[in-house]
Every structure is written in structure tokens, then in C-alpha cells.
Amino acid sequence: MDSKNFKDHGREMVDYIADYQDNLLDRSVFPKVQPGYLKKLLPEDAPHKPENWEDIMKDVEDKILPGVTHWQHPRFHAYFPSGNSYPSILGDMLSSGLGCIGFSWASSPACTELENIVVNWLGKALNLPEGFLFGENSKGGGVIQSSASECVLVSFLAAREKKITQLMKEDPDADRYTLLSKLTAYCSSQAHSCAEKAAKIAFVRLRQLEPDSEVCLRGSVVQKAMEEDKANGLIPFYVEATLGTTSCCSFDNIAEIGPLCQENDVWLHVDGAYAGSSFICPELRGPFEGIHYASSFNLNTNKFLLTNFDCSVMWVQDQFSLTQSMNVDPIYLQHSYSEAVDYRHWGINLSRRFRSLKLWFVLRSYGITGLQQYVREHCRLAKLFEEHVKQDTRFELTSKAALGLVTFRLNGSDELNENLLTSINDSGRLHMIKSKMNNQLIIRFCICAENASDDDVDYAWETIQEFSHIVLGTVPETKDAQDTIQEEETLEEEEEVNNFPDDVLTPLITLIRRASMEQMLLGRQNQHGLNTTVAPESIKEVPEDQEEDKEEIVDVFDDVISPLITLMRRASQDQLLMMQQKKRQSLRRRRGSRLSSGSVSVPVC
């Protein structure tokens, strides 16, 4: 592909992406494929000869897209948002085009320095303490990692190295690996699974502590666990607190946990993967109280700040504590600019993409006020969904709406809720996921689409209500709730329309037929000198010598009366269809209020 072809196909690709985004509602949010579907569609070996671009893009549409879960779809309400916006896409495009590998300042100065600047911009927008920012009076700074999981792992490794180095200074004869076996970390049982994975990789002990009834890890619980472990000869070294848990977006109390970590010389890492971005709104910063106690903090701009994956920002208050655990310095990576930041010492990867470009594009294109508006709108829509749940007595909220997330369940067993969620997801109309809270299965509803609207929330709730009818047995069960409702309504309406002429017009038509034919027969009989009245139903028994009269009568009926009847039938059916449409709209408006009134009985589960 030469530059001319690249320009042509590049424009086509931009059009394709824009059309894809604009027409997502034409696609099912969740693919209806089975594992291994693509293997059957693509050859086992790569092509030996080049293929033309048109064939490649045809396969994208025909073979790849049918297996894609559409995370930007207005009906996608699973997990958390997958940040996406046109400025971010263009930033990623430019990053790929430049092809920089910015592992050190010398390898690409702009790559490093723009990252320094944008993490400071974002840190200031969040009102982070100065100790987390690059500056003359600060030992801290920020870095863009690939994901929150990497941030948590890096903080684990940094905390482990810092504690072991400290203990070996106190006792030079101590064995490093003996000390390692005693190190103990702490997190909530509701913390993301990446904490457990990081502990396995770091080969340290992890205690998962139970939060309170509000799913908040409290300082007293952490203190008790530390005291127990110290009494047993273990060494507390790390606590991970979460601001915005995956299950229900709950917040650990870092204002309580922070002082304990400071007193015990324990590294406190605060994982704000989803909720951290919301702190650009001053009114949402309540859970952020105590952040100055943290050794490190991370958030995912690729969740709640319209920036494409991967772009997880991590800040530390002490660069040295982080870099000493990652620092390897082969001669082929050395350079003479020692005062510059070398991000190769800030994480696991050596090679690094120019990820700061897309974040820079987003911050400049939206501005802080635009991003604040986006966050606030998601919070408002979550409150709207919460109100829907509150109004239907068959459902219960399992936690208050938090930012863009609402958790709820249908009153009844876990199996009932599992069936509800499975049937909804299988339909392709919505996509949500489940979780566990207080030993109960819950359903998570998250506002994810950038331009989500009230209509999207209303549609989602109507869909959930329709499927709840099915699992509760209040409507016949079919594979798809939408098909069930629509098929039943359509069949009823068609039957009503078809029967309407029979029920209303047929008696009128019969009268017209009888009167018309009687008059015509009487006229013919008078012409033939007959005085006998012939009943209309006896037309088929007209004497043979009057056969021509019978045929003429039938022709007149077909030519004159039948078209009139047809017009009457059509007009009546059109009027009925209009009545049915109004009736359907009224029924759908009343459906929600009928359900919320509790008139539908709920079987004991």
C-alpha cells in the first residue's frame, strides 16, 4: 500500500468508523455466535499472495463484526464504559502513524515530555495534592500505564521492594526470601480481582477483608487485621483501597485507612479505575478525602474520560520508591540527559506507545468543563434508572446509584435473577452482567455510551420489565421477550382487523345485498308478468327462462355493490388500525404503572 492508497483507504476507514458509530442501533449489542465460529470462516493459513483491500473490508463486515460485542452501543450496560471519542481515535491514529517507542527521553523527547504535562494537567483537574505532581518542590509525578491491573501490580512490586530494602537496612543479616514470606498485603473482599493476581505475581500474602454494610472497607477492620498479623510474626507492607468497586461502585474509607498506613509505614495504593475520573467534578470529591495519605493512586481515563484503551494514569508521591523496584540500566539504553524522566523505570514494559497524544487531544477538545458535563450526565441518567427500579415493587435496589452504576435484583432467588439476566442478554436487546453482594446475586446496570439519553434508559427498563414477565410466568415464555409481546399484539390486531368486517359490516352487507337483489328480481318478475315474491336467498333457484336475469343481477352486484362494500371494508379497517395504534400506545404507557403498582403476583422462590 503506497501513500496514495493509504489516503484513499484512510478516508474510507474514517467513514466506516463514523458510519459504524452512527448506526449501532441497527446491530445487536451482543453477538449470537458460539466459540470457534470464526475458525470456520477463515482459512487455516495466512495468504501467500497479497489480497485486495475491498476483500479484506468485506470480511470485516461479514465475518468479524458478527462476532463483536459492541461496547459503544446505546444498549450496552455491562462492566464499565469503554472510553471512546473521535478526538481520542484521531490521537491514536496519529500515535500509530508516528510510530514512536518512547521508553526514554532520548528515544523521543516529545513522547516523554507531553506525558509529563498531561498527567499534571489531569492531576490538577482532580485537585490531587501537589506531592503527586511533577514540580520543583515535589518528589512525585505521574505515568500512563496500560491498565489499572498494571498500576496495581507495579504498586505491589514497588511497596514490596521498599519494605524489604528497609528491613535489610535494619538487619543486614536478614534473608531476603525469608522476609518476603512474611510480607502481608490487605484489600477489601470487593476489591478488583487484579489485586489477587498482583499478589500471586509478587509472591506475597494477601488478606481480603470484609467491608461494612455499605460495602466500605473501614479503618478499624484494617487495624485489627494488622495487629493480628504482627502478633503472628507477619509484616504488613501494603493496603489497596478502592474508590468505586466493580460490583457496586462503593468507596473504601481512605480517610480512616490512610493514617493507619502512615503510622505503620505501610504503602497505601488507591485504585480509582472507574470512579477516579469523576473527581474532576468538585461536588463528587467526598470519597477523595484522605488521598494525601496515599503512596500511589490510579484511574482509567479509558473508562470515564472518553479516552480509548489503553490509558490508565498512575501517580506516586515518591518517584524513587517506584523506580528503584523497576530500574535496570543496560548500556544500550543509557544517555546523558540524567535530569529527564525515563519512563522505562516506571513500569514493567520497556517499549511504550505515544499514548499521551490521545489524552492531550481529549483534554483540549472537550476541556475540563466538557468532561465534567459528560460525567454529570451519566450520574443523572443512573438516577433516572434508579427511580424506575424504585417504582416497581417486584424489584429491589441492592445499592444506591453511584455515578453511572445502579445495582438491583428481582425479588426472589438467585436462580430467578440468573434466568432474568440470561434471557435479556440472549435476546441481544441489552447487555448487562451480574455480581455478588451480601451473598446475593445482583444485576449491574451501567451507563456506558458517550451520548446516552433518557430514551436509552427508558428502553432498557421497559425491556427488563418485559423479560421479568417471562421469568415470573406472567406471559407465555418464548426465546425473546420482544418477539413475544410484538407477536401477540400483531396476531391479536390482525385477527381483530380480519374479523371486524365479519362482526360489523357483514350484517350491513347482507341487508344491502338482500334489498338490492330483491328489488331487481321484483322488477324482472314484473316484466315477465309474475306476481310471486322471490326471496333473495332463492336467487339460485330462478327458473331457467330467467337465467339471463340472474346473471345480469349478479353482474350488477359485482360491478356496483361489491366495490362499495370493498371501500367500506377498507375504510373500516383503516379506522380500526388507527384505533389499535392509539390503544397500543396507551397500553404501553400504562404497562409500567401497572407493574409498579404491585398488581402482578410474584411466585414464591
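**Note on a predicted model**

1. In this predicted model, K303 touches F80, P81, G83, A273, Y274 and Y374, leaving aside residues up to four places away in sequence. K303 sits in helix α10, residues 301-304. An unreviewed UniProt entry lists K303 under "modified residue: N6-(pyridoxal phosphate)lysine".

2. D310 belongs to the loop between α10 and β7 (312-316). Most peptide bonds are trans, so this bond is worth a look in the structure.

3. Y79 has a positive phi of about 50°, although Y79 is not a glycine. Most residues other than glycine have a negative phi. Y79 is in the loop between α2 (53-64) and α3.

4. Helix α3 (residues 86-98) and helix α12 (residues 356-390) have axes that come within 8 Å and cross at roughly 150°. The crossing is right-handed. From α3, the contact uses P87, S88, L90, G91, D92, L94, S95 and L98; from α12, the partners are L357, K358, F361, V362, S365 and Y366. Sorted by class, this contact has 8 nonpolar, 4 polar and 2 charged residues.

5. How far apart should the ends of helix α1 (residues 3-22) be? With 20 residues at 1.5 Å a residue, α1 should span 28 Å, and its end C-alpha atoms are 28 Å apart, so the two values agree. The N-terminal end of α1 is capped by D2, which has a side-chain oxygen 3.2 Å from the backbone nitrogen of K4.

Methods. Residues numbered from 1 in each chain as written. Predicted model: local features only at pLDDT ≥ 70, side-chain atom pairs only at ≥ 80, totals over all residues. Heavy atoms only, no water. Axes fitted to C-alpha atoms, helices over the stretch in contact; angles between N-to-C directions. Helix = DSSP H or I, 4+ residues; strand = E, 2+ residues; numbered from the N terminus. Left-handed = near helix turned anticlockwise from the far one by under 90°. Contact = heavy atoms within 4.5 Å. Nonpolar A, V, L, I, M, F, W, Y, C, P; charged D, E, K, R; others polar. Expected span 1.5 Å × (residues − 1). Polar contact = N/O pair within 3.5 Å; in protein donor to acceptor, adjacent residues only side chain to side chain. UniProt positions renumbered as here; feature names shortened; annotations may be inferred.
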